[in-house]
Amino acid sequence: MKGHKKKAAKKSTRNRKLMRGILLLAIIGVIGGVLIKLGYYERLTDNIMSNAEANRLISYLGINDYEYTDRLGSSFTVKAAKELAEAAGVSEDQITGAWKHWPGFIPITKRQFQSVYDMLIEQLELDRLYRTSLYIYDIDSANDKEINGILYEVISTSSGDYYMEKNYGLSVSYIGMVADFYVSNNEIILCLGESSDTITVYNAYVDKVLEEGGNQLLLTYISGGTQKFAVSKNYSVEEKMSGCLCDLALSNDGVTAISDHTAELKSAKVTSLADGVLTIEGYEEPVYLSDVFNVYKVKGTIKAMQSAGTLIGYDQVSLYIKDGLLEAALITEDIASKNIRVLISDNNYTTYYHNTVLITSDTDFTVTFGENVTEYSANEILTFREELANGNARIASKEEDGKITINSIERQSGNPSYRGTIELSRTDQGILIVNDLSVEDYLYGVVPSEMPVSYEMEALKAQAICARAYAYRQMESDTYSQYGAHLDDSIYSQVYNNVEEDDRAIYAVDDTYGVVPCYDNQVIEAFFFSTSCGTTSNNSAVWGGVQEPYLLDTMETELNDIANLSNEASFQNFIDGYLGNGFIEAEEPFFRWEVHMTKEEMQQTINSNLYDRIEAMSENIKVKNAKGLFEKKAISGIGDLQSIEVSKRGDSGIIEEVLITGSEETVLVIGQTNARALFCPKDVTIKKQDGSVVTGWTSLPSAYYYIDLTDGYTLRGGGFGHGVGMSQNGANDMAKMGYSARDIIEHYYTSVELKDMYELMGR
């Protein structure tokens with residue numbers, strides 16, 4: 001009986017313990033539910049460092065022996081912190097501190113992780129990785145930058161532009177605030193929240209002191225734009241601070257102090273700029289550019305820029321020089337630039353004559369007929385057709401930076417807008433449109449239309465220098481004089497205003513103000529093209545005429561050796577990768593390409609294109625006569641295709657002549673243009689070396705190809721464009737390698753010097 005009683009007592013005890021356990025769990029559940037309802041649980045977990053976020057930040061430390069353990073929903077623990085210390089070769093005591101003896105499974109807070117992170121940055125001596133405070137000017141989410149397949153937002157700050165991965169994007173609530181960040185090189189990797197620090201914005205230009213809602217505001221120009229800074233309630237700014245160059249102390253309370261540099265400005269003339277060194281009249285020693293340099297044009301419409309090249313061309317500028325560094329400059333006079341006249345084409349660049357022209361402006365504008373001037377309001381649209389029967393019209397914005405939009409024209413970016421003035425004149429064929437503006441303003445519309453603005457800055461500068469040289473040569477020619485213009489806006493000159501202006505392109509133009517490449521003190525023909533096949537060609541091999549000494553057949557390596565690929569076997573080995581190495585553009589998609597056709601497709605291609613090519617370039621398509629001589633003759637086909645032979649190549653490997661034998665005619669095809677257009681079928685598929693394809697082209701990418709007859713007709717080639725002068729992708733690749741715009745120009749144009757275009761023209 002005693003045994004039964006003991007068992008019953010034990011069972012009763014277990015039941016009571018079980019009931020207490022269940023009750024305890026219920027109480028914990030209720031308390032947990034209440035805590036969740038009140039938001040305490042979220043606050044607690046929000047403060048815990050997640051494992052995934054910790055590992056993302058640790059990856060920037062570059063610790064090779066650290067093992068990443070990303071478990072969904074897991075937290076970064078004391079044990080993980082100790083493992084991190086061991087992998088970094090740092091004592092546990094330095095990392096764990098007060099929580100050294102905590103159990104390993106305990107999660108650590110975000111603040112604790114940050115203290116660990118700060119210590120590791122210091123111990124590992126990582127100069128590229130640091131914590132800093134920044135004032136946020138703007139967050140550009142609309143124009144994401146893609147780097148290695150990852151999208152980044154551009155964050156404009158008091159210390160320049162940074163990138164931040166879009167997945168960890170910065171809240172717009174931080175615009176106009178000082179915040180703390182972890183930064184790796186020029187990438188923001190984590191926002192730590194609002195900062196209690198005061199930062200200094202150097203060399204700002206305060207235009208006006210404003211009063212809004214009882215608070216003082218400073219209308220300020222800085223870093224290429226405008227900002228309105230609130231003034232701290234504990235600080236007061238006098239009206240006389242308007243129009244001053246100064247440093248501003250900023251906190252999240254507003255501007256707390258101003259250091260005025262206006263009295264320290266000195267007037268002088270900047271005569272040259274090279275590699276960040278300025279030559280200034282009256283200064284024996286060279287002056288270097290400060291890292292915080294800004295320049296402000298304060299006459300007329302105020303403009304903030306960061307390009308020192310802008311200073312060249314003025315008789316006097318106001319300079320703030322401190323300890324041999326040019327910190328800032330004010331431009332107080334009109335620039336010494338020349339005007340250029342651009343003939344504007346229709347929508348498809350097929351004609352210069354327009355039936356009707358619709359025009360407006362983003363500012364108030366005027367229309368001048370003879371001596372009659374009529375004013376119109378911004379955005380008012382005018383139609384020009386019969387009105388021009390009585391004379392020419394001149395349209396001008398009333399404000400300096402105003403732009404005139406032609407609503408009757410469509411470009412890649414929509415209706416194009418133009419700086420300067422628009423002149424309209426009626427002819428029997430239709431209305432001619434000429435845009436009259438300064439050369440530098442013209443280049444603002446050329447550079448982004450000719451080169452992607454995402455390219456490296458030094459490549460964009462090189463493009464600006466080439467485009468300026470082309471403009472100079474056109475201003476001295478009479479090619480378009482019958483239209484009252486120097487050049488047009490199409491590929492027949494250089495593409496202008498097909499793509500909207502861009503700040504990076506404007507900077508590239510400003511920073512190379514007036515710079516042109518010269519040979520023997522003459523501005524060169526600065527031809528450029530898209531992509532090389534590994535060589536560039538001399539101009540006479542491509543277009544005939546006088547050979548320029550600065551446009552040579554070269555191998556496109558850093559050594560820039562002279563090319564010798566006129567032999568067919570050598571050229572084939574070159575294209576197939578068996579001859580030469582170290583090519584600058586070897587990774588570019590168009591470095592190598594191919595087009596495949598059957599014999600029937602090749603025959604049809606030649607017969608369908610031949611008549612058009614003869615019509616377009618009869619001098620360069622010649623037909624064999626009965627005497628065995630080649631002469632001009634209008635034919636529509638060759639009959640059945642029997643053979644194709646590249647009969648002449650330039651030293652660069654470019655095709656100069658192709659001999660086509662057919663059952664009815666034998667044809668000699670001369671020149672790279674015909675070699676590209678004649679052999680391009682209507683439904684061509686061009687396969688690039690990266691495996692991607694393009695279709696619908698009316699011309700082959702280049703005339704650097706050979707014909708493989710192994711299986712039908714396969715054209716194996718490389719490059720994109722005519723191959724004379726500067727390769728744009730090559731310029732970009734050189735810039736990525738650290739070469740400057742000057743290096744790029746001197747690489748592509750042999751023995752040239754960079755000079756001031758306006759000095760050459762006479763200011």
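A: Buried means under 20% relative accessible area, exposed means over 50%, and partly exposed is in between, with a 1.4 Å probe and protein chains only. The model is predicted, so local features need pLDDT of at least 70 and side-chain atom pairs count only at pLDDT 80 or more, while totals for chains, interfaces and linings use all residues. Residues are numbered from 1 along each chain as its sequence is written, and side-chain values use heavy atoms, with hydrogens and water left out.

Q: Is Asp520 buried or exposed?
A: Asp520 is exposed, because its relative accessible area is 65%. The residue sits in the loop between strand E29 (515-519) and strand E30 (522-523). Strands (E, at least two residues) and helices (H or I, at least four) are DSSP runs numbered from the N terminus.

Q: What is phi there, at Asp520?
A: Near 55 degrees, a positive value in a residue other than glycine. Asn379 also has a positive phi, near 70 degrees, and is not glycine either. Asn379 lies in the loop between strand E21 (372-376) and strand E22 (382-384), and it counts as exposed at 57% relative accessibility.

Q: Switching to rings. How many aromatic pairs does the structure hold?
A: It holds 23. Rings of Phe, Tyr and Trp (its six-membered ring) pair if their centres lie within 6.5 Å; planes under 30 degrees apart are stacked, over 60 edge-to-face, and the rest tilted.

Q: Why is the pair Phe76 and Phe113 edge-to-face?
A: Because the planes are at 85 degrees, with the ring centres 5.5 Å apart. The pair links distant parts of the chain, 37 residues apart: Phe76 is in the loop between helix H3 (51-58) and helix H4 (78-88), and Phe113 is in helix H6 (residues 110-123).

Q: Where does that leave accessibility?
A: Phe76 is buried at 0% relative accessible area, and Phe113 is buried at 2%. Phe76 and Phe113 form one aromatic cluster with Tyr117 and Tyr182.

Q: Which rings does Arg592 sit over?
A: Its charged end is over the ring of Phe591, 4.1 Å from the centre. Arg592 also lies over the face of Phe574, at 5.0 Å from the ring centre. The criterion is NZ of Lys or CZ of Arg within 6 Å of the ring centre and within 35 degrees of the ring normal.

Q: And how many disulfides?
A: Zero in the whole structure, a disulfide being a pair of cysteine sulfur atoms within 2.5 Å. For Cys246, the nearest cysteine sulfur is that of Cys244, 3.7 Å away. Cys246 is buried, at 0% relative accessibility.
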